[in-house]
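Please open the structure in your viewer and keep the selection tool at hand. The stops below are meant to be followed in order.

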Amino acid sequence: MDVTVFSTKPYDRQFFDAAAGRHRLTYLEAHLSPKTAALAKGAGAVCAFVNDQVDAAVLDTFKQLGVGLVALRSAGFNNVDLAAATRNGIVVARVPAYSPEAVSEHAVALMLSLDRNIHRAYARVREGNFALDGLIGFNLHGRTVGVVGTGKIGAGVARIMLGFGCKVVAYDPVPDPESVKLGVAYMPLPELLAVSDIVTLHCPLTPDTRHLIDAAAIAGMKHGAMLINTSRGGIIDTQAVIAGLKSGAIGRLGLDVYEEEADLFFEDMSDQLIEDDVFARLLTFPNVLVTGHQGFFTTEALTAIAETTIANIDAFEKTGRPLYETPAPKSPAPVAAAR
Ligand code: NAI
């Protein structure tokens, strides 16, 4: 099948070329929008990513062009007008889960780097500065780690931290029996915040979890605790977190996601000024480490994403239905994309 792939980077091409099989993929750098939708002319399917706009205007164009499938190479589908897709008879597929360990391990990488000041040590040593002042860390062994959301990623973090000899406590409305068996202690969120040396967020962004970590939550945290967010930016109130960093209530902050990341992440903006003053303020703290939404960015995860997307296209070509149609029958619709 001819497939037009929007918003591609060289790394997407590498993994999709390896998985493509008999399908003919045309890679475009352009994001999908009403202005670029016509570029899919001649394709039976379109492959789109999280910042592509799959709205009614785009889907109307696809119908006119004869595009039958939008195969998302993400788990989230908040960027798709599903009603318009149904109206136009266009099927939407996604990749519901891939390599949760990639994100669990990235969360732990942030913890370790912040704890032992690896980000600062790296810069110092390259400058010929071998002084240790300001780099003091703490042993993870014996510390308490609070995991908020013990789904696939959070449970993975819990397993790793148990291996470090940490005490792992958790909050999740639906506790994970496997985590309980391993020794994870579930408790209400305020209790978790009060006892944890490290709080790590792994719940989805929903109306219930938006700004879950706000000024009141920070006031209830152990003074100087580390906060890690690899889930969705909106789960923390960034202004409240900045106030917490200034007062010392938050001792270390590791972020892979940011509330307003759509305007920043995934692009090289090194030649430009950062207009977002809140984000710019975050970058001034020595005890803050930000990565640009790369938790999913491993060979294993990218392979799984490409293979599942191609499997969706294969199944659609053979049966008219992809393997993972959106929305999957039992999955709750998320507020934000679960990449
Ligand atoms: P999952 O669906 O397996 O687990 C989510 C867990 O959160 C569930 O156990 C659920 O019961 C729990 N939960 C729901 N509401 C909660 C609340 N109010 N408080 C505490 N827990 C709550 O999802 P998975 O695969 O573990 O992913 C978690 C999140 O990680 C995703 O929603 C996504 O936002 C983020 N993510 C980030 C990536 C990155 O590259 N940084 C890549 C993939 C996912």
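This is a predicted model: local features need pLDDT of at least 70, side-chain atom pairs count only at pLDDT 80 or more; totals for chains, interfaces and linings use all residues.

Residues are numbered from 1 along each chain as its sequence is written, and side-chain values use heavy atoms, with hydrogens and water left out.

Begin by selecting residues 4-323, which UniProt, in an unreviewed entry, lists as "domain: D-isomer specific 2-hydroxyacid dehydrogenase catalytic"; such annotations may be inferred rather than shown by experiment. The end C-alpha atoms of this span lie 19 Å apart, and the span is 37% helix and 15% strand (helices are DSSP runs of H or I with at least four residues, strands runs of E with at least two, numbered from the N terminus).

Next, select Leu-227 and Leu-253, which touch the most other members of the largest nonpolar core, a set of 34 residues (a nonpolar core joins buried Ala, Val, Leu, Ile, Met, Phe, Trp, Tyr and Cys residues through side-chain atoms within 4.5 Å; buried means under 20% relative accessible area, exposed over 50% and partly exposed in between, with a 1.4 Å probe and protein chains only). The largest share of this core, four residues, comes from helix 10. A second, separate core of 27 residues includes Ala-19, Val-91, Phe-296 and Phe-316.

Stay with helix 10 (residues 238-247) and pick Thr-238, which is buried at a relative accessible area of 4%. Leaving out residues up to four places away in sequence, Thr-238 touches Tyr-258, Glu-259, Val-278 and Leu-282 (contact means heavy atoms within 4.5 Å).

Now colour the cysteines: a search of the whole structure finds zero disulfides (pairs of cysteine sulfur atoms within 2.5 Å).

Finally, select Arg-22, whose side chain meets that of Glu-317 in a salt bridge (2.6 Å, N to O) (a side-chain nitrogen of Lys or Arg within 4 Å of a carboxyl oxygen of Asp or Glu). Arg-22 lies in the loop between helix 1 and strand 2, and Glu-317 in helix 12, 295 residues apart. Salt bridges that share partners join Arg-22, Asp-314 and Glu-317 into one network.
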